[in-house]
Amino acid sequence: MTEPPRWDGETQFPSEFGPVPGPAGGAAPGHEHEPGAPGSRSWHVPTSPELVIDSVISKPLRELMDAGGSIGVMVELRSRYEGGISAARLRVTQLLADLAGIREDAIAYNGSYLTVTLPSQVIEELVRYDAEAGGSPDDGTRAPRGAIHRLWPNFQISALIYRSIVTTKCQAAQRSFRATGRSLVWAVLDSGIQGDHPHFATHRNLDGLPHKSFVNADDKRALIDEAGHGTHVAAILAGELVAPEGGSITATTWYRDGAGTVRVAPLELPSISGMAPECRLLSCQVLRPDESGDITGLLAALQYINTLNNGGRDLVVHGVNISVGHPFDPTWFATGLTPVCREVDLLVQSGVVVVVAAGNSGYGYARDSENNVFRLGFDMTINDPGNAALAITVGSTSCAPHQNGVSYFSSKGPTGDGRMKPDLVAPGERVVSAAAGKLSVRAQQAVPGSLYIENSGTSMAAPHVSGVAAGFLSVHPEFIGHPDRVRAALMDTATDIGRSRHFQGAGLIDAMRAIQSV
């Protein structure tokens, strides 16, 4: 498998960490013009008809083209083209060969999308020649189109338990209803899952499943997690480890002392469990070891799951956890309509529960009237694919949500087009889970022999909800294939923690109440 071309435009800061802190006098390098970042910029407010205008070249791609250079481009093919998607694919492939001498092996094909790296000038020519060669408007108000519906950047994506199992009431649900996720399969779209971590051995969570890498030609790499992010996420969802009699399991955590110095706090545990310990896990590797990836790989993973499920006719994979994404700009006028959001919605419509991290871009910088820089929270910061209408989008709280509320970094709603998001919140601060790759190195440098480590972010919150959903389905299997009913059950029984709907969604996930509501 040829690795999909990467977006070569302006670097996106990993959503797992939020904006780069800058000096008091300005934004961090590369972020001088981000909305809310320190630094001067005069923002142009468009007026009609400039405000909303149809174009084959999407607004985020046009912004990258203005900077010049080569760009990773995702071509969304037009289903209404004469001959359908297959004819459109052939037409665009031929145009790329004629205009830029691009061979087929330099193009990544992915259903109704193809990805290729193009100079800005060629992008303009591609659109012009496609429209001239038999292209026509769908109606009188739309731009002429041939085989191409729209061009998008190949967005880069990035990586966005012992106490949290009590906070979500999963421990009580396991004891009372055996809500362990047995007989269910959940796909984890992330940096991979470390196959030899003992956390997944007891219940053989990874055995016998068609794991796949979308960033490496060798699918065995899907069970090697050099970044550690995917393993940490997966172990929150499922798996379990019990210490031998008289022994303990070591985890690495940190605290800040009275002098402000960060110190190591080893944590000894008798056992540690995911929210749905018996749920089986399918690793779909969409992030590289440096925690970077692109939308092409994420789309391919979503379509792979749809293929495994035979388009929803035979569910092999019952749920998906996506703790990766990229920031979304509301001025793009495509909230919930980007290719990845549409693929998420299609997968949900086929019967799969899809849980997505909201993102960690809920705060940033601004200046007051006296030019002083200060931090503040931002609305409308839900990351894609969390903007997908049918996804369960999850924000972050601490393990003391009634006291501490919603995490400052958790992306806030509403969506850019005014829909209510996030849907739920779950613990995402200082969550202890399995350490692998770089996280394992960090854990063992601080505490030799440590198998677990704490981490924070909405990436950690999402698998709590995935685990609750898996536990719910294992108790109520009649809900399998009905993700809309699962979503409604989880949201209707969530605990109101007294925060704004744009912050907390329906509230804190509650496994016991959800199971007992049926």
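Which residue takes a positive phi in the hairpin of S9 and S10? In that hairpin, which has five residues between its strands, Gly-260 takes a positive phi near 90°. The model is predicted, so local features need pLDDT of at least 70 and side-chain atom pairs count only at pLDDT 80 or more, while totals for chains, interfaces and linings use all residues. Residues are numbered from 1 along each chain as its sequence is written, and side-chain values use heavy atoms, with hydrogens and water left out.

**The hairpin strands**

- Strand S9 (residues 249-256) and strand S10 (residues 262-269) run antiparallel and are joined by eight bridges; strands here are DSSP runs of E with at least two residues, helices are runs of H or I with at least four residues, and both are numbered from the N terminus.
- Thr-250 has Glu-268 as its bridge partner in S10.

**The four-stranded sheet**

- Four strands form an open sheet in the order S2-S3-S1-S4, with antiparallel pairing, where two strands pair if DSSP finds at least two bridges between them.
- Strand S2 (108-110) and strand S4 (148-153) each have a single partner strand because they stand at the edges, so one side of each is left without a neighbour in the sheet.
- On average, neighbouring strands of this sheet are turned by 30° against each other, direction ignored.
- Strand S1 (residues 70-77) runs antiparallel to S4 and is joined to S4 by five bridges, and Val-75 has Leu-151 as its bridge partner in S4.

**Helices H2 and H3**

- Helix H3 (residues 120-132) lies across S1, strand S3 (113-119) and S4, and runs at about 130° to S3; axes are lines fitted to C-alpha atoms, for helices over the stretch in contact, and angles run from 0 to 180 degrees between N-to-C directions.
- The axes of helix H2 (residues 84-100) and H3 come within 10 Å and cross at roughly 130°.
- This makes H2 oblique to H3, since angles under 35 degrees count as roughly parallel, over 145 as roughly antiparallel, 65 to 115 as roughly perpendicular and the rest as oblique.
- The contact (heavy atoms within 4.5 Å) is made by Arg-91, Leu-95, Leu-96, Leu-99 and Ala-100 of H2, together with Val-122, Glu-125, Leu-126, Tyr-129 and Asp-130 of H3.

**Gln-94**

- Gln-94 is placed in helix H2, and the C-alpha atoms of Gln-94 and Glu-104, which are 10 residues apart along the chain, are separated by 9.1 Å.
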